[in-house]
Amino acid sequence: MIRKLPQIVIQQIAAGEVVERPASVLKELVENSIDAESTQIKVEHEEGGLRWLRVSDNGVGISADDVPLVFESHATSKLQKLEDLDSLDTMGFRGEAMSSIAAVSRMHLWTSPRGASIGCRAKIEFGLWGGIEESDRRIGTEIVVENIFERLPVRSKFLKTPIAEARQLSSILKRLALSYPECEFSFAERGKSPRFHWPKQSRFDRCLLFFEATDAERWFEGETEDRSWKVHFVFLKPRFFQSARQNLQIYLNQRMIKDRKLEFAVRRAFEGYTETPHLSTGVIFLEGNPSEFDVNVHPTKMEIRFKDAEEVFSVIVHALRSRLEKMHQDNLPSEWSATKPVELALSASPSSMRASVMSIEEAPFEVPVQSVFSGGFVNDSWKFLGVIDSTYWITQKQGALFLFDQHALHERILYEDLNAQFDKKGILGSQRLLFPVDLQFAGREDLEDHRSSLEKLGFDWTIDSKGKWKLIAVPSLLKRNPVELLREALKGLAGSKETVFRDILATMACHSAIRAGDSVPESTAHEILVKFQSTDALGHCPHGRPTFVKLNSRDLEKLFHRV
Ligand code: ADP
Ligand code: MG
């Protein structure tokens, strides 16, 4: 026999989808408090919210006429017509939460609208309206949710222990509170003193509390506006990533979101500043026009669809990187930062790029050749003091001692140049091979599928009359292993990795850079040092290893226990 389900049962089933556990109830209630312009929000619980959960706020309240509506599904004060979805700046908008929670619990509500002389209280039990009555006036709204899921045994099987649920409550409240530093939050077990109490504070200070940071010096923040987006961020300095528990939070218009691509953008931004970009710890606060994205994808509203995801990606990468580059510059002697970055010969044009590459082994650099290492050149106030193991350069500049790793340094410079060239022109310089090279590797048939990408990198090949595959052109910068690079590029392009081009450029830089153990003419070393000082962000090789170590006189004094 087919029978229509009673309305209450329908509501309870629907509720299960919105209301997963006490923490999701808390999230909905606190978001409502935030939407109600509260500046103080208090959360208390008993048994992790399984028995009892209370959220009180000092927000605008609800008028007695509206109270019954709050519990009806699709009743909301925030969205009137579909077009409003594009301009919404509140957390909720579906009018689903209150009715859903009320369907699976015993709910009590006390509220007074601002300016009213009396308040009211209402009750609803497992979806059944329990009436409304007058009560004394209080500020804002207080909602108690009891015996959640008592009538939904299936759901309650999935719930964890009270302790685990309490941990979830606290964690979700902290994440909500992170993006509302102007609001005070407290969290307590019923009848006990608060587990945490966060006062109204600056965004930076709120972040420090969130990450339980003990040393503010280890953190940095920044803010930029770029195209249609505003980005504010607070991050642990990359050299401390390894000592922290990885934790990356992303907010969009103060709403916490989960977006793999944006997480990836953060990692990408830190690449080259640390060996562990995957341990990035910090927060991104992204602000943009609601017409640029769609939050209406999933009931829990964590997932976002961006109109132009590429744009958001690059906005985040640039915001972080320009700040990181500035920090790097701040660590250099002052007159360096004052130097205007010069247009590098390497990135100027493919032909000049080629010339400077050749110069390492063949053509000389166009810098005056001075006396050799023995005497040390003095130029641009660099003093070259010597080389250890044909790998580490000892140099002096302005009273500070600099040790360089020649491979890491050169690799990084080439990498930056390649990136700049690629970003600017979308294509790298290519050089024809006088003697085409046989391509013998398995899977080479797939090359054709990626022809246009590989051509952008500077590769070209043909199949001759005998059916042999021949490599006829390679990136002009490349000095070694063109076939190996081609294979790696092919492998990368076949996967769907988003950094594929960056990875290939990094490999290319690695294959083209002078190696550890190469003996380097002084003029080359000098040329590289000049570039080092005029380019941003060269403190680490593309894999994150440091390119140099700097010891200033203060450091030396410490080493020799003079201070
Ligand atoms: P939504 O938040 O999507 O509008 P809810 O079901 O969460 O839907 O809430 C329904 C309505 O109840 C809200 O639109 C709001 O008008 C009112 N409301 C709920 N909680 C509060 C509160 N703490 N303060 C003021 N109004 C509230
Ligand atoms: Mg809501």
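Before assigning a hand, I noted that a crossing is called left-handed if the near helix is turned anticlockwise from the far one by less than a right angle, and right-handed if it is turned clockwise. I also kept in mind that this is a predicted model.

Entry on α13 and α16. With that definition in hand, I looked up the crossing of α13 and α16, and it is right-handed. The contact draws on H407, H410, E411, L414, Y415, L418, N419, F422 and D423 from α13, and on F501, R502, L505, A506, M508, A509, C510 and S512 from α16. Sorted by class, this contact holds 10 nonpolar, four polar and three charged residues. For the geometry, I found that the axes of α13 (residues 406-425) and α16 (residues 500-512) come within 8 Å and cross at roughly 135 degrees. The two helices are therefore oblique to each other, since angles count as roughly antiparallel only when they are over 145 degrees.

I then asked how far α16 reaches from its first C-alpha to its last. The helix has 13 residues and spans 18 Å, close to the 18 Å expected at 1.5 Å a residue. Its buried residues are V500, I504, L505, A506, T507, M508, A509, H511 and S512, and what covers them includes α13, α14, β22 (469-475) and α15 (482-494).

Entry on S453. As α14 is among the elements that cover the buried residues of α16, I looked up one residue of α14 (residues 451-457), namely S453. Is S453 buried or exposed? Its relative accessible area is 16%, and S453 is therefore buried, the cut-off for that word being under 20%. When its neighbours within four places in sequence are left aside, S453 is in contact with L493 and F501.

Entry on α6 and α7. Lastly, I turned to another pair, α6 (residues 162-178) and α7 (residues 203-210), whose axes come within 10 Å and cross at roughly 165 degrees. That angle makes α6 roughly antiparallel to α7. The crossing of α6 and α7 is left-handed. On the α6 side I listed K174, R175, A177 and L178, which meet R206, C207 and F210 of α7. By class, I noted four nonpolar and three charged residues in this contact, with no polar ones.

Key: Residues numbered from 1 in each chain as written. Chains lettered and ligands numbered in written order. Predicted model: local features only at pLDDT ≥ 70, side-chain atom pairs only at ≥ 80, totals over all residues. Heavy atoms only, no water. Axes fitted to C-alpha atoms, helices over the stretch in contact; angles between N-to-C directions. Helix = DSSP H or I, 4+ residues; strand = E, 2+ residues; numbered from the N terminus. Parallel < 35°, antiparallel > 145°, perpendicular 65-115°, else oblique. Contact = heavy atoms within 4.5 Å. Nonpolar A, V, L, I, M, F, W, Y, C, P; charged D, E, K, R; others polar. Buried < 20%, exposed > 50% of the residue type's maximum accessible area, 1.4 Å probe, protein only. Expected span 1.5 Å × (residues − 1).
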